[in-house]
Amino acid sequence: MSQSPTGAPVVCEIGGTQPSPAAMPTWYSRHHLASMAGGALLFISGGMAFAHGLEWASFRVTGFTQHFHSSWFIAMMIGTVISMQISKYIPKKFIMLTSSLLILAGGIIFLADHSTIDALVAGRYLNGIAVGLLTTQFLCHTGDISRVNERGACLGLEQFSLTLGMTVEMIITTQWGVESHLSANRLHGLLDVVLALLSAIALWYFVESPVDFLRMRDEPSALASLARLQRPPKVNKNTSVLLQEHSAYLSEQENLGARSWLGPLAKMLIFRSMMLAFTFSLPLSKILEHSAATNVEQWPIITTACLRLVGSFVALVVIDKVGRKLPSLFASFCAGALMLAISVICLHRLHRLTDSTLMSYVAVLCMALQFSAGLFAPISSAYMGEAFPIKAKQYCVAACVILEQVIHAGVIVANVGYGVRGLLLAESIMILIASLYFCLTMPETKHKNLREAQKMFRYFFNWKFY
């Protein structure tokens with residue numbers, strides 16, 4: 001324990017945290033904000049491409065190929081695998097800059113040729129590879145540099161930004177006039193270009209993780225990195241104590257074996273990969289679109305998109321105050337129950353799909369479902385940044401990201417429409433069972449440093465809800 005300039009004791013936390021709020025300024029430093037903003041801007045573009053492949057694309061009624069729909073998810077897997085390999089040799093700043101350039105190139109393709117499927121697929125591949133490169137690095141890096149009492153919201157920016165991009169794409173697709181000279185796909189490309197350029201500018205102030213420098217035994221650079229993450233940015237007693245705490249944390253991590261990550265990985269493959277893939281999928285998009293078309297209304301689509309965004313914003317607000325476990329359990333139980341209701345209406349009852357009253361009920365259920373999914377998604381990002389020990393973190397996060405894309409691509413290839421084959425029913429039952437599993441096993445990591453959070457994840461049962 002050290003003394004602050006005012007003489008008050010400073011309690012230092014480790015693993016991507018800062019001293020206690022009494023010793024630290026309320027506001028983030030410019031470097032800290034820029035380090036998060038560079039990735040968050042790119043995730044907005046990724047969210048647009050994500051929704052673009054799940055039915056929310058211009059002229060979708062003419063029929064896109066399965067390759068068009070699945071291309072971004074395949075590219076995400078490619079980018080994630082590449083990211084695992086190059087992260088050992090290339091600083092995160094340059095990986096994120098590469099992502100910016102790829103999204104910029106994809107946006108230019110959309111602007112140059114907005115109506116050719118092959119060109120759109122090429123742009124989607126570039127965007128998917130970019131987001132795949134970015135996702136693992138962002139979650140690992142943000143967990144390292146964020147303060148303990150606000151780490152959840154910082155990590156949750158990943159899914160919040162994706163949700164913002166999804167909302168933008170859904171609104172553009174349903175509201176943009178087909179007679180406009182600036183088509184929906186061109187507007188998509190223009191937004192990609194703007195977001196990529198803004199991200200590249202933000203990366204000018206990007207700060208590498210002090211944990212990465214310590215792993216390379218470069219203490220001076222780690223100390224300088226810790227200083228830039230403070231406001232005002234300077235080396236003082238606080239940064240020196242933080243450096244010692246980080247070093248002790250790394251020393252402890254070196255002795256951990258496979259048991260330290262196998263259990264958390266099993267939990268997160270269900271909590272993150274399965275839940276996110278099930279709650280925003282191609283069949284759900286088709287059902288929402290059909291329910292709106294049956295009643296000749298577009299407002300349910302816009303409302304659904306906005307409610308998912310509202311849910312994600314609520315998650316950012318409550319995640320470091322109420323906690324992670326209770327909001328995520330509420331969201332997952334609600335999502336499972338709502339999806340079950342949707343599947344019961346649509347399952348093997350094709351005549352119901354033309355009933356305007358029933359389709360109105362389905363539209364309302366979809367709205368509530370996406371609010372719950374939006375509430376859940378940022379919390380999954382927080383857990384992803386906290387669950388795994390340093391040595392296995394890149395690989396475990398990558399495994400969760402890849403499985404999510406495999407599920408999306410598999411559903412697309414299976415060509416399931418309106419849930420008539422029982423897919424949504426099976427998914428809703430799996431979500432409800434998984435929610436019971438989370439109730440017993442997921443820890444509450446609010447205001448825990450990374451060492452404490454990872455220790456809690458290694459226990460199979462976690463009974464506390466607060």
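These questions and answers test several labels on a predicted model against their definitions.

User: What are the ground rules here?
Analyst: Local features need pLDDT of at least 70, side-chain atom pairs count only at pLDDT 80 or more, and totals for chains, interfaces and linings use all residues. Residues are numbered from 1 along each chain as its sequence is written, and side-chain values use heavy atoms, without hydrogens and water.

User: What is the mean pLDDT of the protein chain?
Analyst: The mean is 87, and 89% of residues reach 70 or more. pLDDT is the predictor's confidence in each residue, from 0 to 100. Over residues 1-27 pLDDT stays under 50.

User: Why is the pair His114 and Ser183 called a polar contact?
Analyst: Their side chains meet at 2.9 Å. The term needs a pair of N or O atoms within 3.5 Å; within protein, one must be able to donate a hydrogen and the other to accept it, and residues adjacent in sequence count only if both atoms are side-chain atoms.

User: What else does His114 touch, beyond four places in sequence?
Analyst: Its partners include Leu120, Asn185 and Arg186. Contact means heavy atoms within 4.5 Å.

User: Where does "transmembrane region" come from for residues 187-207?
Analyst: From UniProt, in an unreviewed entry. Such annotations may be inferred rather than shown by experiment. In the model, the span is 76% helix and 0% strand, with end C-alpha atoms 32 Å apart.

Definitions and conventions:
Helices (H or I, at least four residues) and strands (E, at least two) are DSSP runs, numbered from the N terminus.
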